[in-house]
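I opened the notebook to look up a few sites, one entry at a time. The notes follow the order in which I checked them.

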Amino acid sequence: MSRNSEPTAPPADVTEGFTLRVAVEAPQHTGLTAPLDYTSEHTLAPGTLVRVPLARRDVPGIVWPGAASGDSPVELKAVAQALTALPPLSARWCELIEFTAGYYQRSIGEVALSVLPPELRKLDDAQIANRIKKLHKSLASDVAEHSPPELPALSEEQARALVQIDVLAAVSAVITTDDTSKPPTAPTVLLHGVTGSGKTEVYLRAAAKALDEGRQALVLVPEINLTPQLEARFAERFAGRHIVSLHSGLTPAQRLRHWLAAHLGLADLVLGTRLAVFASMPRLGLIVVDEEHDPSYKQQEGARYSARDLAVYRGKLESATVLLGSATPSLESWQRANEGRYVRLALPSRIGGGALPRVRLVDMNLLPKANGTAVSPPLVAALQERIARGEQSLVFLNRRGYAPVLSCGDCGWKSGCPNCSAWRVFHKLDRTLRCHHCGFTERVPRACPDCGNLDIAPVGRGTERLEEQLADVLRNADGTPARIARIDADSTRLKGALEAQLGAVHAGDVDVLVGTQMVTKGHDFRRITLVAAINPDSSLFSSDFRAPERLFALLMQAGGRAGRDAEQAARSEMWVQTWNPRHALYDALRQHDFTAFAESQLKEREMAGLPPYSHLAMLRAEARTPEAARAFLLAATELATTLPGADAVMVYPPVPMGVARVANVERMQMLIESSSRVALQRLLVLWLPALHTLRRGHATAEQRILRWAVDVDPLSI
Ligand code: ADP
Ligand code: ZN
Ligand code: ZN
């Protein structure tokens, strides 16, 4: 890292100006991961945005901290343009980027430039100056009188957690280390609070404290859908403060404006999704990661970073307290708390003292073989009871569309995707067959394409079919149909649709809400007293070792939508339809005992040598043929064995990915494991650059690899 690198003298033969390093976005296959040397007439502060010539083009770059390498065999080119209207990015920001690039095995320039607002690269200095001026003006016209907001009295548990956070921060700040170049430490807190325990209020108070101390706060949420709700709560509490959001749903102009507000220190609060972890914030004092267990915090392409893990790293860099909140923390975080690296604080009860919903398992084995009815008779009766009482229910099924596959009863034809090793999903509303992997869509055929049979039928069910089935059976007392709404990726495609649908639920215009896991996260529904999971069993037997952890979190999270109003809590229920009612996971769910579940999972992981007791990376290769992808991975394996430190790392044989072919590309993957994070990193650093040459070695199109990538700490395997 730059802090430790030896300063080198500038090369003697530079006749004019200064030599400096610039991080540029070099294409990955060039293997250029370090910043490049350039000259400049003027000295430029590290973190300054520039444009520099690279391969006959001018590309954006960032003057990088640390001395130029000085080993360029050719004459250095000069910086073409320095964008000094923008205050330089901080050394700490650069260090965050450098760590990210190193840890996730990407180039510094790629990471740095990919997390800046795209607009920024297009503007010249005068345009940037202009945007900044406008921003200042709009903020100045924004100031109005605000009465202080009314604060709810904290629950005892909230108050205790906040005191502990304060004490921890104060104690950390005074711990002196011998190394004065290191920033003062700051605590990482794992806030384990059951659903409805008022974690948000803790975030709000912690943020208020950071703001009072003149610092900025960063709040991360897993889903873009949750940002408007959170923004509203923060805006209400922090009237008069400047709050901005950062997520991929913003227009390029908005994103630039919000980013600038954070970078210039004008915004006190930044709310956003995973990419906001890279927001430039000069006075950062608090980072909140809400629902820290959520898989959306892991980026799935380019630099495959974990925003949750980077938040913790960044907290150390910036001496900022980090609050990781969840009702079902990730086992990684749980284990770190066990080890004392994070401080665990608990909010074990719901606000208002209401109980968590009673869990009822419907043993599907005991019911007569239901022909196509997804919803068991006892569950229908329970839903019916809610409707009669004027209460709401939420029924969730993690599969959108009408049915996952269409099939011909005569010849066995199934609605496969011609481009993927997957079925095409039947969507009844627009009568299409759609591939959820490559997007390939066709009208549903009138007859079986293979044998002409007119009787092709849907197999299995998705949310559309569930909605239809519920509409068939659920009635109001007067016999009129009950009001059923569906929320999933299909029903919310249009802008504003989700807000409108959620609004209808909150307003009480819906009796039964059907949806995918989209509706299980975060929403503070007040009238729901029954939550039902239709078919969660498949995760019990997945080959992915994290499947039980994810299922448990999903069910706890979903159950948490019920009985959030204390008056209704006593009769709120969570129903689970299952063929495995005696499974240990459901037992823990029934007791709402996350701790027992986490500890038993951790024990299993320890015995199996799985994370967090080992460290993984996944090497993936894509090619036109599975043979080519496999050959590449095997060659890579062979190469790995020749490297120093190879014996500390285990490389598993290549296997096809879960969906092996997508859009006519064959995908293979191979797991790399080590009990030591350092050993794994050491190998990757030597190995990956060598793979670039390996790739170039192959000749014909059939043999050639289209892409390969490494995923450090992969979430799904
Ligand atoms: P969680 O995120 O832990 O599931 P929330 O933060 O959404 O819980 O809080 C649940 C509900 O309790 C919200 O409606 C919130 O406004 C309310 N609430 C939180 N803290 C308090 C408090 N101290 N007094 C009264 N109501 C509170
Ligand atoms: Zn047929
Ligand atoms: Zn497809």
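I looked up Cys-417 and found it buried, because its relative accessibility is 6%. Buried means under 20% relative accessible area, with a 1.4 Å probe and protein chains only. Cys-420 also counts as buried, at 2%.

Before going on I noted the basis: this is a predicted model, where local features need pLDDT of at least 70, side-chain atom pairs count only at pLDDT 80 or more, and totals for chains, interfaces and linings use all residues. Residues are numbered from 1 along each chain as its sequence is written, chains are lettered from A and ligands numbered from 1 in the order in which they are written, and side-chain values use heavy atoms, with hydrogens and water left out.

Next I asked which atoms hold the zinc ion (ligand 3). I found the SG atoms of Cys-417, Cys-420, Cys-435 and Cys-438, at 2.2 to 2.3 Å. Donors are N, O and S atoms within 2.8 Å of the metal (3.2 Å for Na, K and Ca); water is not among the atoms, so sites may look incomplete. The arrangement is tetrahedral because the 4 donor atoms subtend angles of 106 to 113°. Four donors count as tetrahedral if all angles lie between 85 and 135 degrees. I wrote down the spacing of these donor residues as C-x2-C-x14-C-x2-C.

I then turned to the zinc ion (ligand 2). Its donors are the SG atoms of Cys-408, Cys-411, Cys-448 and Cys-451, at 2.2 to 2.4 Å. I read angles of 105 to 113° among the 4 donor atoms, and this site is tetrahedral. Its donor residues follow the spacing C-x2-C-x36-C-x2-C.

My last entry is on ligand 1. I counted 18 residues around it, and Ala-153, Gln-158, Gly-196, Thr-200 and Asp-524 are the closest. A residue is near a molecule if one of its heavy atoms lies within 4 Å of it. I found a nitrogen atom of ligand 1 at 2.7 Å from a polar backbone atom of Ala-153. For Gln-158, a polar side-chain atom lies 2.8 Å from a nitrogen atom of ligand 1.

Notes. Four donors count as tetrahedral if all angles lie between 85 and 135 degrees; four count as square planar and six as octahedral if opposite donors are over 155 degrees apart and all others between 65 and 115; anything else is irregular. Buried means under 20% relative accessible area, exposed over 50%, partly exposed in between (1.4 Å probe, protein chains only). A polar contact is a pair of N or O atoms within 3.5 Å; within protein, one must be able to donate a hydrogen and the other to accept it, and residues adjacent in sequence count only if both atoms are side-chain atoms.
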